[in-house]
Amino acid sequence: MPFDHRQSSPLQVPKRPYLALGLEGSANKLGAGITRHNEDGSTTVLANIRHTYITPPGEGFLPRDTAQHHREWAIKVIKDAILRAGLSIRDLDCICYTKGPGMGAPLQSVALVARTLAILFNKPLVGVNHCVGHIEMGREITGARNPVVLYVSGGNTQVIAYSRQRYRIFGETLDIAVGNCLDRFARVINLSNDPSPGYNIEQEAKKGKRLVPLPYTTKGMDVSLSGILTSVEAYTTDERFRPTGILYDPDGDVITPADLCYSLQETVFAMLVEITERAMAHIGSKEVLVVGGVGCNERLQEMMGIMAQERGGQVFATDERFCIDNGIMIAHAGLLSYRMGYHTPLEKSTCTQRQLIVNRFRTDEVYVAWRS
């Protein structure tokens, strides 16, 4: 099937304002957002509240503990969003929640909250694909019309473009996601998880001065990141590194943790820029939209911007309010679906944890009716 990248007609302007509550909890961020689609076709963010489950340095977040965090904070986060918006739940047209992909237990906890609210207040439910939520929020905030999308987060790494009412996946990670790669190395060198391990990797990388050799693994339009993680970890397991946090290579040059963070970022981001540029060349696009939690990384934005500028194009990105997992992106994408007549029956308001194997909920499986 030939690739059709023409901009499709926009969603019809609503005859009245529509309101939605969005609940996000696919990983360690619990978010509640309220959005309004206005009569003039614009979108207004009324509330975007988030609470993050943070573990001690060197530790990840387990699904069970993360789910408990979401259950403990759900009522407060939702109440804060309602108060910030100056509304009542009865004013809403629908309640949207992250259906998947993500971590099973946290997803189920948030879905339970969404179902309870829907039953109590007699509101329709809308299950949202997490990845599509990121894309639609990025398009709305930046104004990008029909970009190649680089979606990079803790659990996902994909290069995507729109065609014929689907977000088509051009390339992706063959093993671990880029955010997971960065987070795991942050734990190895005992960086803080506050506000996030990836952010602290970025700050350390700014201090790095030496680029150490690491595997550069692109396979067509795909990337592999597990090997580069193993290689950078090998520097820290050297007995000479452990007492001081400094390693001398065979030439006598110093290698610091900041050098390793710098080298990891530069190598991984170069791989991502390469496959994104290939997708741009394939469809003839001059726009790149970077979404997902890793999309906040200033160095990634800079490298992508250099590539786009050389092609006579432009890179679009959002700040941490919208690139990090949040409830407003679920509300926005859910409301787009709801206005096209879609809702999720209570008996089907389940969660789908995985994206790559059975029971998957991949980005390209979502019917993008609002762009037809």
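**Notebook: cysteines, sheet and cores**

I looked up Cys351 and found that its sulfur lies 14 Å from the closest cysteine sulfur, in Cys131, which is too far for a bond. I note that the model is a predicted one. The limit I applied for a disulfide is two cysteine sulfur atoms within 2.5 Å. Cys351 is partly exposed, with a relative accessible area of 25%.

**Entry on the disulfide**

I asked how many disulfides the rule gives; the count comes to 1. The bond joins Cys296 to Cys323, with an S to S distance of 1.7 Å. I recorded 40 degrees about the S-S bond, and the link of Cys296 and Cys323 is right-handed. The two cysteines are 27 residues apart and link distant parts of the chain: Cys296 sits in the loop between strand 13 and helix 8, while Cys323 belongs to helix 9 (residues 320-323). Cys323 has 1% relative accessibility, so I list it as buried.

I then turned to Cys181, which is in no disulfide; the nearest cysteine sulfur, that of Cys261, is 11 Å away. Cys181 is buried, at 0% relative accessible area.

I traced an open sheet of 5 strands, in the order 8-7-6-13-14, with mixed pairing. Which strands stand at the edges? They are strand 8 (166-172) and strand 14 (314-317); each has a single partner strand, so one side of each is left without a neighbour in the sheet. On average, neighbouring strands of this sheet are turned by 25 degrees against each other, with direction ignored.

I next examined strand 13 and strand 14, which pair in the parallel sense over 4 bridges. Val290 stands opposite Ala317 in strand 14. Helix 8 packs on the sheet and touches strand 6, strand 13 and strand 14; its direction makes about 155 degrees with that of strand 14. I also found helix 3 (residues 130-142) lying across strands 6, 7, 8, 13 and 14, at about 125 degrees to strand 13.

**Entry on the cores**

I looked up the largest nonpolar core and found 45 residues in it; Val178, Phe185 and Phe269 have the most contacts inside it. Among the elements that give two or more residues to this core are helix 4 (178-188), helix 6 (226-237) and helix 7 (257-283). Helix 7 gives the most, with 12 residues.

I then listed the contacts of Phe185, leaving out residues up to four places away in sequence: Ile201, Leu229, Val232, Glu233, Thr236, Leu260, Cys261 and Leu264. A second, separate core has 25 residues, including Leu46, Ile49, Ile82 and Val110.

Terms used
Residues numbered from 1 in each chain as written. Predicted model: local features only at pLDDT ≥ 70, side-chain atom pairs only at ≥ 80, totals over all residues. Heavy atoms only, no water. Core = buried A, V, L, I, M, F, W, Y, C linked by side-chain atoms within 4.5 Å. Buried < 20%, exposed > 50% of the residue type's maximum accessible area, 1.4 Å probe, protein only. Contact = heavy atoms within 4.5 Å. Pairing = 2+ DSSP bridges. Axes fitted to C-alpha atoms, helices over the stretch in contact; angles between N-to-C directions.
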